[in-house]
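Work through the exercises below with the model open. Try each task before you read its solution.

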Amino acid sequence: MFTRRNGIARPASCAVEVLPGLEVILPIPLVDPGKEIETLEKKRGDLQGYLQREEGKLRNPSFVEKAPAEVVEGARKRVEEARAQLRAVEEEIRRLRGGA
């Protein structure tokens, strides 16, 4: 069985690695969905922790006022990339749990 995402067909049984701007899909006929969910849940926790730290910096008026504009803009960009990764990881967890 294949599912479609962004117009691309992929097998229902696959491992996925989500990176900024890239989703790597490895068709594996015998992938253990439980193990893949466990891996993705760890990645979700890592991303959530990272977002808390980075968003905390951006909520700090002292950081935003004193840091060079390119540093602040870089932090904002990293936060947006991490949010996109988090959404993709959460979507993949839902898919693996049968909630496509």
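**Exercise 1. Find how many salt bridges the chain has, then trace one that involves Glu41.**

Solution. The model is predicted. A salt bridge needs a side-chain nitrogen of Lys or Arg within 4 Å of a carboxyl oxygen of Asp or Glu. By this rule the count is nine.

Step 1. Take Glu41 and Arg97: their side chains meet at 2.2 Å, N to O. This pair links distant parts of the chain. Glu41 sits in helix 1, and Arg97 lies in the segment after helix 3, 56 residues apart.

Step 2. Glu41 is partly exposed, at 28% relative accessible area. Arg97 is exposed, at 53%.

Step 3. Look for further partners. Glu41, Arg44 and Arg97 form a network of salt bridges.

**Exercise 2. Explain the spacing of Lys42 and Asp46 in helix 1.**

Solution. Step 1. The two side chains form a salt bridge, 3.1 Å from N to O.

Step 1. Count along the helix. Lys42 and Asp46 are four residues apart in helix 1, so about one helical turn separates them.

Step 2. Apply the general rule. An α-helix has 3.6 residues a turn, so residues three or four places apart point the same way.

Step 3. Lys42 is exposed at 54%, while Asp46 is partly exposed at 46%.

**Exercise 3. Decide whether Glu92 and Arg95 are buried or exposed.**

Solution. Step 1. Glu92 and Arg95 form a salt bridge, with the closest N and O atoms 2.6 Å apart.

Step 1. They stand three residues apart in helix 3, about one helical turn.

Step 2. Buried means under 20% relative accessible area. Both Glu92 and Arg95 are buried.

Methods: Residues are numbered from 1 along each chain as its sequence is written. This is a predicted model: local features need pLDDT of at least 70, side-chain atom pairs count only at pLDDT 80 or more; totals for chains, interfaces and linings use all residues. Side-chain values use heavy atoms; hydrogens and water are left out. Helices (H or I, at least four residues) and strands (E, at least two) are DSSP runs, numbered from the N terminus. Buried means under 20% relative accessible area, exposed over 50%, partly exposed in between (1.4 Å probe, protein chains only).
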